[in-house]
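Me: I'd like to go through this structure label by label. Could you give me the rule behind each one, then show how the values meet it?

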Amino acid sequence: MLFTVVAIAAVASRVFAVAPKGPWDQFNLAPKSRDSRPTSIHSTQGDIQNAEALVGHGVATLTGSGSFVVVDFGKEVGGRVFLNVNDSTTDSRLSLSFTESAEFISPVSSDDSCRAVASMDGDGIQSLPAPLPQGQFMQTIGEQRGGFRYLTIVSRSDAPVSISGVGVQITFMPHWDDLSAYTGYFLTHDPGFHDPDFLTKLWYAGAYTVQTNTIDVHQARQQPCPGPEAFPDTDKALKPASPGDLGISSHTALVALNDILPSKNALLVMFSTQDPVTGALQYSGPPINAKGSDTYISWSLIGTHNVWLYTKDLDFVRTVWTNYTKAVAFLEGQVDETGLMNVPESFSNDWGREGGRGHNSAANVLLYRTLVVSSELASQLGDNELSAAYGTNATALKAAINSVLWDDGAGMYRDNELSSLHPQDGNSMAILFNATQTEEQNKAVSTGLTQFWTDIGPLSPELNDTIIPFIGGFEVQAHFIAGEGERAIDLLHRARCELTSIQQWGYMLYTNLSVQSTLLEGFTANGSLGYRSAAGANFDHSFTSHSHGWATGPTPALTFHILGIGITSPLGQTWTITPVLSGLESAEGGLETELGWFGVKWEVNENLLMVQITTPEGTFGTVNLPGSGQMIADGEPVFGGSVDLLGGDHVLTRALT
């Protein structure tokens, strides 16, 4: 698990409406209670009596040093472990170890959460107090585990010990009373895949991932990491605010939870890291305080706009505006005579990719998006002169990106003007952030990106042997925007000759290597957990996070594109509904803002598309439907495939051919 966003210590309970009940609720992974219990016994070794009692009621007994029982919570959990010691002697000893992946179940070590060690034994166990007192044991806040699925309970002496009532007190999402009370939902049936519920499961896996990544700043694990003999730490589960991750997770938080508070607080942390002289922001908050990333500075600035768009909180923007404009100036100060930002080596850090310096396409596309949203925010604050300047600079930068970096022969953008590499990140984000100039470019880039695909996901050319869901999430959206919805779904899941040959997020949810409930930080071309092994992870496969907010891109993509819901002004005062059918037969769902409910339900029946929409009263927007036949809106014929509507309930139909 990776905590990429933070919640303030004292917050009010949520007051938003809960999504309607329906068959989609069976896919919601969030626990109903903060006391989570194991669902099964994974395995035992040695002398264990009545192990199954740890799943239900009753008492289990461990006898003999090295005897252990592994309980399985069935999904990612995180918080304070508790258990009852029913019977023990002065010689009884117990220890606990933790892992997200079954691959690293061990009675002597946990998966490496704190330090990447090539031997994969950098983190140890937690030994319970000795002599072992009878009664309830519960971890302290400082001792809690960030995220795991499997808990191994080990006897460390020959003396018998009897235990019961094993569980975890969930500490993530502390400002929610009911973790399962989502404000949004999604449902579709996909008969073309071996699991017709996969896309729905994926939407909810992304939502749950973001929940597990949110914690009160006063309830986190102790830092710095204790030594391996004391307790496995959770750096991968307790990473500070990371603005790159928010480039995806804040959208996930909107569509599923309507909870932007953690994103806002994470950004306040990032602005507090600003260098008062240069204006540069760090690319992670304390305690790591990493410096030197132009792209992550852009993500902080883009994230500020996302918060404003989803909350209409202009006071938040005013609070950070001085810092904000100074950070923009820092980035613009790197634009050279080519019209592009020339990223220095010292600010070329990114998600792990290589070659981020120079006229890097991803960095320049992010700067372009930064200038576009900065122009809008400046206008909202009444600074029309600054807004115009940002807009002018954005236009010039877009022209330079296309003049210098576009490779017409390849139909893609180069990583920089001297490179023959056509990156996944720069090309995906060029479509996502409208740095392209024509629809033909979008189509060409969408096609070009498929050259990187393997059976389990796109192999990013920017970093050897890496399949990275962070960038894959942008690619999914890029295919949708390019009008290639079926290609986007193919990226999410592809069945070839065998049902086991499944694409990126399908692999994450179905492989036995994963936690099978939340989404992986990354993996390799052969499907191993050796993400970034040679680039910072020290070949430590157990260091990979299994609950990573930046991997949740499909959740907002399915809402924004399959349902077609677009928020075009704060809180959805204006909106668009543009469903991309993507070879599916039906879909429904929606999201909530403070203005109310935005819902879409569509189905295709004998070549006729029928769409039901609900948007808040007092709003207005545009509905765009695919097809070539006559559109009917609320019983009235409409010329073309687009119609402007006031908020409320509407029914539209259109023949697809």
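Reply: Let's start with residue classes: Ala, Val, Leu, Ile, Met, Phe, Trp, Tyr, Cys and Pro count as nonpolar, Asp, Glu, Lys and Arg as charged, and the others, Gly among them, as polar. This is a predicted model, where local features need pLDDT of at least 70 and side-chain atom pairs pLDDT 80 or more, while totals for chains, interfaces and linings use all residues. Residues are numbered from 1 along each chain as its sequence is written, and side-chain values use heavy atoms, leaving out hydrogens and water.

Me: How do those classes divide the lining of the second largest cavity?

Reply: Three of its residues are nonpolar, five are polar and three are charged. Among the residues lining this cavity are D294, D350 and R353, along with V343, F347 and A363. By the class rule, Asp and Arg count as charged, whereas Val, Phe and Ala count as nonpolar. The space in this cavity is about 40 Å³.

Me: What makes a space a cavity and not a pocket?

Reply: On a 1 Å grid over the protein atoms alone, a cavity is a set of points where a 1.4 Å probe fits but cannot get out; a pocket is an open set with protein on both sides within 12 Å along at least five of seven lines, and lining residues have an atom within 4 Å of a point. Points are joined across faces, edges and corners, and the volume is the space filled by probe spheres set on them. The structure holds two cavities of 30 Å³ or more.

Me: What can you tell me about the largest cavity?

Reply: About 60 Å³ of space lies in it. Eleven residues line this cavity, and V210, T214, A253, D259 and P262 are the closest to its centre. Helix α2 gives the largest share of the lining, four residues. By class, the lining of the largest cavity has six nonpolar, four polar and one charged.

Me: And which residues are closest to the centre of the largest pocket?

Reply: The largest pocket has a volume of about 1000 Å³. It is lined by 40 residues, with L432, Q477, I481, F560 and H561 closest to the centre. Helix α4 provides the largest share, seven residues. The pocket lining divides into 21 nonpolar, 16 polar and three charged residues.

Me: Why is the pair of F470 and W550 called stacked?

Reply: Rings of Phe, Tyr and Trp (its six-membered ring) pair if their centres lie within 6.5 Å, and planes under 30 degrees apart count as stacked, over 60 as edge-to-face and the rest as tilted. By this rule there are 21 aromatic pairs. For F470 and W550 the centres are 4.7 Å apart and the planes stand at 15 degrees, so the pair is stacked. F470 lies in helix α10 and W550 in the loop between α12 and α13, so the pair ties together parts that are 80 residues apart in sequence. Helices (H or I, at least four residues) and strands (E, at least two) are DSSP runs, numbered from the N terminus.

Me: How do you know that F470 is buried?

Reply: Buried means under 20% relative accessible area, exposed over 50%, and partly exposed in between (1.4 Å probe, protein chains only). F470 has 1% and is therefore buried, and W550, with 5%, is buried too.

Me: What makes the pair of Y507 and F523 tilted?

Reply: Their ring centres are 5.2 Å apart and their planes at 40 degrees, so the pair is tilted. Y507 sits in helix α12 and F523 in the loop between α12 and α13, 16 residues apart. Both Y507 and F523 are buried.

Me: Why does K312 count as exposed?

Reply: Its relative accessibility is 54%, so K312 counts as exposed. K312 is in the loop between α4 and α5, and its phi is near 60 degrees, a positive value in a residue other than glycine. Q516 also has a positive phi, about 60 degrees, without being a glycine; at 28% relative accessibility, Q516 counts as partly exposed.

Me: How do you know that the length of helix α1 agrees with its residue count?

Reply: The expected span is 1.5 Å times one less than the number of residues. The 15 residues of α1 should span 21 Å, and its end C-alpha atoms are 21 Å apart, which agrees. In α1, 14 of the 15 residues are buried, so this helix is largely enclosed by the rest of the structure.
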